[in-house]
Amino acid sequence: MGNPVDVLQKYWGYNSFRPLQEDIINSVLDGRDTLALLPTGGGKSICFQVPGMCVDGLCIVVSPLIALMKDQVNQLVKRGIKATSIHSGMRYREIDLVLDNCINGGTKFLYLSPERLKTEVILERIDRMNVSLLAVDEAHCISQWGYDFRPPYLEINVFKKLIPESKLIALTATATKNVKQDIIEKLEMQNERVFQKSFRRDNLSYSVFRKENKDHKLIEILTKVPGSSVVYARNRKKTKSIAEVLNKHKISADYYHAGLPNELRNKKQEQWISNKTRVMVATNAFGMGIDKPDVRTVIHMDVPDSLENYYQEAGRAGRDEKKAYAVLLYNQGDLKELKDHLEMSFPPVNEIKRMYQALANFFKVAVGSNELESYDFDIETFCKAMNYKPFDAFNLIKKLEDEGLLQLNQSFFQPSTIHIPINKSDLYKYEVENARFEPILKVLLRLHGGDLFSGFVNIHENQVARLVKQPQNQIEKSLTFMDKEGVLHYTPKKDSPQIMFLTPRQDAGKISIDTEQISARKKVKSEQISAITFYSLSLSGCRTRIFQEYFDEETYENCGVCDFCVRQKQVTTGNNSLIEKAILAEVKKSDIAIDELTLKVNSHKEEDVIEAVRRLLDDGILKYSEFGKLENG
């Protein structure tokens, strides 16, 4: 078994862990079922990746988000760690080869979406894999009391029984008391240890402003607070219009949403990360997996639908531990819209069934077929063809997700992949017999070497086209032809959302819809909207404490930096000024001991006098003499 600090240093380049990380890792290595709650930016992935590297065998990571899966796999590979993932959009033969490599010990981390755990191709191979660790990321998804319940997460416990010797860790950024208990029960954790980092961020100041003209307030904030910023807007159209407003006011800004082509998204993101663009105006998917520590402001132009979501998104500010600001702008219409959306988000059962039928018709899926089959899904094209409004369609699809019938993966980029399944001598023979393909095959071998024979590798057709000096569309045609010939396996790139049928296609009229679960989810959603509404309207409490109390963290201390705490300080400033004047008057007479000073300035409370002395010492106005008395600084 490797030493955690040595592993951290070797692969991540750090000499020490962040608070709680080492305790969590040691708990996992000791074989204890472990639940870790670390807020956004708290370093959750280290807590399963380091123990995964410390022990022999494979670490299986269950994650619902393809974008995060891909990002973590890429980061591990860059560190020289063998990692891969299985997700929607992959062809069977690609999945087959990934699993063979896991059996043969060629992979250290395998990332799976939860619906994959019960598939035949996984179940028939799992007993041949040496699985040492099962990591359940975004574990709040297992709980119906959470803000993002996913029915396939309930299958994890069944899967866990197939690997009884493996260690278990579940991780999430936000969980209430009910959600924590649900995670422990649904995963049947035994002798578990629960670690929870404080939800308090001393460097992050939360503020809320009620404004009819939000653009004006946004410009004011960005003018006052320099540095990198993320501005969140509810829809794609608003991201573009807000960015235009900022640029007109000489504030460098760009916009980002999942509807943009992958190359353009990457370019915009890179310019923002490198601070060539100061402000990114985006929908809420932006920021996941992006490690940019110097974000000074995160500003929401719309009220999110839960405190969980808001805390995670706001938490992308100030990861460098320097002063940062999270600002929520709202008006009364926003809060009414949240309540209206609640009703619209829970449509009648017959409408849910009608949507299932519409999707089956649109993709031409026959009854009984296509379990775990993925389809490119453009919601605007679908809505025009099937006569739906996009908002209604999205809510109906989410209900089908809640029932475990479908999964909608938001837009992500999957590069083209190539694998050569034949041996080198057969490939050479093919080149000789098919001279027109020889230049393409030679370039692929030059770029990727033996990796082409052992697994699927990512390729870029434009790079191959440039080196072969052929048009890119010709390269794509040639690769497709060789794929049909069986010389290579070629999966073209994908850059669109995916709809996946999680069960064989059913007769829409006969599908069972759990109305009790729908009622329970509506109740949870209503409570979440009440919580974010309370946060938005609150004028009488520390905002950090609102978060802490919501997530069941006991505290009696205000943060001192949110808008409420700052107002409280301003109220007492006049009194502070009188105390300080009285102190300075006494010190001016002669050097004085602090206990004597509190007796002299007896018209004020002793604790207020001591606090004022501390401020004057911090500001250098007073100092201690060599005899331990207060004197002028």
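Where is the place of K250? K250 is situated in the loop that connects α10 (236–248) with β10; helices (H or I, at least four residues) and strands (E, at least two) are DSSP runs numbered from the N terminus. The structure is a predicted model, in which local features need pLDDT of at least 70 and side-chain atom pairs count only at pLDDT 80 or more, whereas totals for chains, interfaces and linings use all residues. Residues are numbered from 1 along each chain as its sequence is written, and side-chain values use heavy atoms, with hydrogens and water left out.

Although K250 is not a glycine, its phi is positive, at about 65°. The relative accessibility of K250 is 75%, so this residue counts as exposed; the term exposed denotes over 50% relative accessible area, buried under 20%, and partly exposed the range in between (1.4 Å probe, protein chains only). A positive phi of about 60° is also found at N387, which is not a glycine. N387 belongs to the loop between α15 (379–386) and α16 (390–402) and is exposed, with a relative accessible area of 69%.

An open sheet of 6 strands is arranged in the order β8-β13-β12-β9-β11-β10, with parallel pairing; two strands are taken to pair if DSSP finds at least two bridges between them. The edges are formed by β8 (204–210) and β10 (253–256), each of which has a single partner strand, so one side of each lacks a neighbour in the sheet. On average, neighbouring strands of this sheet are turned by 20° against each other, direction ignored. Within the sheet, strand β12 (residues 295–300) pairs with strand β13 (residues 324–330) in the parallel sense over 4 bridges, and H300 stands opposite L328 in β13. Helix α12 (residues 307–314) packs on the sheet and touches β8, β9 (228–232), β12 and β13, its direction making about 150° with that of β12. Contact means heavy atoms within 4.5 Å, while axes are lines fitted to C-alpha atoms, for helices over the stretch in contact, and angles run from 0 to 180 degrees between N-to-C directions.

Strand β5 (residues 131–136) is mostly covered, with 6 of its 6 residues buried. Strand β2 (residues 58–62) runs parallel to β5 and is joined to it by 5 bridges, C59 having L133 as its bridge partner. Strand β6 (residues 167–172) also pairs with β5 in the parallel sense, over 4 bridges; here L133 stands opposite K167.

The largest nonpolar core comprises 66 residues, of which Y206, Y310, M355, L359, F501 and Y535 touch the most other members. Such a core is a set of buried Ala, Val, Leu, Ile, Met, Phe, Trp, Tyr and Cys residues joined through side-chain atoms within 4.5 Å. Helix α14 (residues 349–363) gives the most to this core, contributing 6 residues. Residues up to four places away in sequence being excluded, L359 touches F377, F382, I397, L400, L406 and F501. A second, separate core of 36 residues includes I126, C141, I156 and V179.

The axes of helix α18 (residues 438–448) and helix α20 (residues 461–468) come within 10 Å and cross at roughly 115°. In this contact, P439, I440, V443, L444, R446 and L447 of α18 meet Q463, V464, L467 and V468 of α20. The contact residues divide into 8 nonpolar, 1 polar and 1 charged, where Ala, Val, Leu, Ile, Met, Phe, Trp, Tyr, Cys and Pro count as nonpolar, Asp, Glu, Lys and Arg as charged, and the others, Gly among them, as polar.
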